[in-house]
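Subject: Structure for you to look over

Dear colleague,

Please find below the structure I promised to pass on, together with its sequence. My notes on what was found follow directly after it.

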Amino acid sequence: MKTFASIVLLGLLMLEIVLAAPTKNEEKARKLKQIQLLPNDFLEEHGYVNQDPRNFFEYEDGLIIDEPLIESGSPTPPRSSQLVTYDSDYEEEEFVPHEPLDPGAPSVPGLLGPESKEGLPTCLLCTCLSGSVYCDDTDIKNIPALPKDTTHFYGRFNKLTNIKKGDFSGLNHLKRIDVTGNRISSIDEDALRQLPELVDLMVASNELVQLPELPKTMVSIDASYNKLNSSGIKNEAFKDMNNLEYLYLAGNSLNYVPLPLPESLRSINLQNNNVQQINDDTFCNSKDIHYVRKALELIRLDGNPINLSKTPSAYICLPHVPYGNY
Ligand SMILES: *[C@@H]1O[C@H](CO)[C@@H](O)[C@H](O)[C@H]1NC(C)=O
Ligand SMILES: *[C@@H]1O[C@H](CO)[C@@H](O)[C@H](O)[C@H]1NC(C)=O
């Protein structure tokens, strides 16, 4: 009896492997390709390098949607990683509802979420899980209409081209927006500044020429690998962000360090820009030799046309000298 049961189980298992293998492998190959298209520096900075990048989008009996491999130097403190599991026969085609939705039926708020522009309820198109909406790699071209209680929105590796004023309006609990790896060239000036709880904005690997106004609540901003030059960042853009800890602006065309930097800042990444000059007041305070900027642990200025030996007194208040050419 036991043997029989084992054989049946084994049979089922093999059937599942046979049925599932091609699509999963194709999926994996596609994701891997997308990741490999990202700049090396970006991969390194976000911890993709020390780990096999395939782990990022691992599909085993489901989709691992990470908090992307958080390590030191990553923009957010570690949170428990989230594992979202789809049914093993899950395939993208199956987003289409099996039965036509009855247009006359009362909508069930909070179950499948509002209707997206793609014509499906957002939580069918994406995965909604206790406040988080995961729309990674769903080919979306627009931000879908999000449930009012959304706290985290993930729309990585899609075809988004802009963020409009209404896209996140009224989402008073939204803490994190991650739209890494799209083709976003503009964000409406009003699109984000009124979000009262926004702390993390991840817009790396896009085509932004201008950073929009952001709320003072920001803790972490990642706009690396965009097309920002110094006129794309407003004067004193970060001055009043008293909680800002991580500012990632690598791989842009910035001519100078955006000032003033808030006291709370722990890491500023400006590698691979066009910074040519810093002075004694960029990080320190030339009028107060006792001033110590103890929070600022990491400054990256490597890959800029600047010789840091020329300004030795620009680092006296810092716990570590910047990375760069000396
Ligand atoms: C900055 O970028 C904008 C948009 O790409 C461009 O129009 C402008 O000429 C650039 N400014 C400088 C100083 O390079
Ligand atoms: C930077 O400047 C210092 C002193 O002026 C010089 O000795 C050094 O060779 C320069 N380093 C580079 C990488 O150009």
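Leaving aside its neighbours within four places in sequence, which residues is Phe 168 in contact with? Before I answer, please keep in mind that this is a predicted model, and that the distances and areas below are computed from it.

Once those sequence neighbours within four places are set aside, the contacts of Phe 168 are Ile 143, Leu 146, Phe 153, Ile 163, Leu 174, Ile 177, Ala 191, Leu 192 and Leu 195. Phe 168 belongs to the largest nonpolar core, which has 57 residues, and is listed with Phe 153, Ile 177, Leu 192 and Phe 283 as the members that touch the most other members. As general background, nonpolar side chains in soluble globular proteins tend to be buried together.

Turning to the cysteines, the structure holds three disulfides. One of them joins Cys 123 to Cys 128, with an S to S distance of 1.9 Å, and its torsion about the S-S bond is about -85 degrees, so this disulfide is left-handed. As for its two ends, Cys 123 is buried because its relative accessible area, 15%, is under the 20% cut-off, whereas Cys 128, at 30%, is partly exposed.

Another disulfide links Cys 126 to Cys 135, with 2.1 Å from S to S, and with 105 degrees about the S-S bond this link is right-handed. Here Cys 126 counts as buried at 3% relative accessibility, and Cys 135 is likewise buried, with a relative accessible area of 0%.

The remaining disulfide is formed by Cys 284 and Cys 317, whose sulfur atoms are 2.0 Å apart; the torsion about their S-S bond is about -85 degrees, so this one is left-handed.

There are also ligands to consider. Around ligand 1 lie Val 209, Asn 229 and Ser 231, and an N or O atom in the side chain of Asn 229 is 2.3 Å from an oxygen atom of this ligand. Taken alone, ligand 1 exposes 360 Å², of which the protein buries 31%.

A polar side-chain atom of Asn 307 lies 2.2 Å from an oxygen atom of ligand 2, while on the part of Tyr 326 a backbone N or O atom lies 3.2 Å from a nitrogen atom of the ligand. Ligand 2, taken alone, exposes 360 Å², and the protein buries 36% of that.

With best wishes

Conventions
Residues numbered from 1 in each chain as written. Chains lettered and ligands numbered in written order. Predicted model: local features only at pLDDT ≥ 70, side-chain atom pairs only at ≥ 80, totals over all residues. Heavy atoms only, no water. Polar contact = N/O pair within 3.5 Å; in protein donor to acceptor, adjacent residues only side chain to side chain. Areas by Shrake-Rupley, 256 points an atom, 1.4 Å probe, with all protein chains shown as cover. Core = buried A, V, L, I, M, F, W, Y, C linked by side-chain atoms within 4.5 Å. Buried < 20%, exposed > 50% of the residue type's maximum accessible area, 1.4 Å probe, protein only. Contact = heavy atoms within 4.5 Å. Disulfide = S-S within 2.5 Å. Near = heavy atom within 4 Å.
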